[in-house]
Amino acid sequence: MPQPRTDSEGGALRIEIAEGQDVVQVRQRAREKAQAAGFTLTEVTKIVTAASELARNTLEHGGGGWAEVGVVATGVRRGVRMVFHDEGPGIADVDQALRDGFTTGGGLGLGLGGSRRLLSELTIDSVPGRGTTIVAVRWK
Amino acid sequence: MRMAVSTNRILKVMESSQIQLLADWVKALRGTATARSSSLISDPELQAQCQELITLLSTALRNARLDAIDDPAWEPTREYLAGLSRSRGRQGFSPTETAMFVLSLKEPLFAHLRRAFAGDNEVQLLLDVWELGKLLDMLALYTTEVHQQAREEVIRRQTEEMLELSTPVIRLWDGILAMPLIGTLDSSRTQVVMESLLEQIVATRSPIAILDITGVPTVDTLTAQHLLKTVAATRLMGAECIISGIRPQIAQTIVHLGVELGDVITKASLADAFRLALKKLGHNPAQA
Ligand SMILES: Nc1ncnc2c1ncn2[C@@H]1O[C@H](COP(=O)(O)OP(=O)(O)OP(=O)(O)O)[C@@H](O)[C@H]1O
Ligand SMILES: [Mg+2]
């Protein structure tokens, strides 16, 4: 599991994801952090939407887990970094999961691919049978 | 073009048809109440409470904006509702029932407004009804908040129930329904929203329904899927559905997500959607 980098704006608190209400919490945290990092309204909306997608995947496909959302700064760059972790079934074929329209759950199958388009970086680390960790960053 | 809500028109109706409005409201309340809650309060008492709230609302509307219930001018109304909420809590009313007390004013009040201003600047009427609806939602939510202070545990479920109640379908015009969606559109609530819209389409035989998402902060794939399903179901009922209130940042995000709205009719604002609906019905909306 990757260690979150130091959060220059103060701790990337962990949010447990166990039910629908927790996804709302992740969205709120993402909104706060994105605003704190100085993103525009459109960018904030994109970050919040991606957070919603990834948190819901953690809940629905991963069987629950946690998320961390924080502001990051490296040199002159600032951004929002989000980590989602679960110990669910994992993703057998990541490329397939990223493909638009692919779903195993009756959704639109756009969440994962859409999040990658909404953000700057999206790394998926998944081991079938062990779980999934996704690190996502949106740089300004 | 931005238009403002006309408090004057609302006040005029509240004052000129006060007695009838009061009667209609009490009747609506008795209609929605469960047998249990009806037995908790007598007719004269209920009537007095309704009268008091109408008076307080008129006074506040005369002195303050109707979208700012934190304003000092709303203080007497808030205080009254807080007292009412607490005493009803003690009497055994549920927070939902107390919220319904406020929400049930919508229908009779809107009906009076429609009657008073039919054919006279429909877009203004729509705006007034809309803003007034939001005001009553906020006040109803306030009563549940007061209730909640005393009963932490049951809070969340009841707030959710309240949110469900606060998205009733509004009849904007003969043949035009509108539903303001507020808050998050996750899970069970969406189901309620969709069902009540479909039921109302049948009950009122309306050919057009407007779903306004101005109050929805995030449209993700799940929300989009719910919206698409609602539009499809509306069509199956033989009606047409217009989605309004898609803000620019939401539009951009939807595009990046890859959601295809296909041939769904969308409008930036509710007023635009309303104008289009009137046109589709063959009315010529008064130029506002
Ligand atoms: N955390 C996870 N654990 C296991 N499988 C996952 C996880 N996240 C995604 N998946 C798999 O990847 C697929 C695609 O995910 P994606 O979010 O794109 O679509 P979806 O969740 O099925 O639908 P939606 O469009 O509503 O998000 C899922 O159907 C699921 O099989
Ligand atoms: Mg998903």
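I then traced the open sheet of chain B, which has five strands in the order 1-2-3-4-5 with mixed pairing, where two strands pair if DSSP finds at least two bridges between them. Strand 1 (170–173) and strand 5 (265–267) of chain B stand at the edges with a single partner strand each, so one side of each has no neighbour in the sheet.

**Between the chains.** I turned to the contact (heavy atoms within 4.5 Å), which takes 23 residues from chain A and 20 residues from chain B. I found two salt bridges between chain A and chain B, each being a side-chain nitrogen of Lys or Arg within 4 Å of a carboxyl oxygen of Asp or Glu. A:R56 forms a salt bridge with B:D220, with the closest N and O atoms 3.1 Å apart. On the side of chain A that touches chain B, helix 1 (20–36), helix 2 (41–60) and helix 4 (111–118) of chain A each supply at least two residues, and the largest share, nine residues, comes from helix 2 of chain A.

**Conventions.** I kept in mind that residues are numbered from 1 along each chain as its sequence is written, and that chains are lettered from A in the order in which they are written. The model is predicted, local features need pLDDT of at least 70, side-chain atom pairs count only at pLDDT 80 or more, and totals for chains, interfaces and linings use all residues, while side-chain values use heavy atoms, with hydrogens and water left out.

Definitions and conventions:
Helix = DSSP H or I, 4+ residues; strand = E, 2+ residues; numbered from the N terminus.
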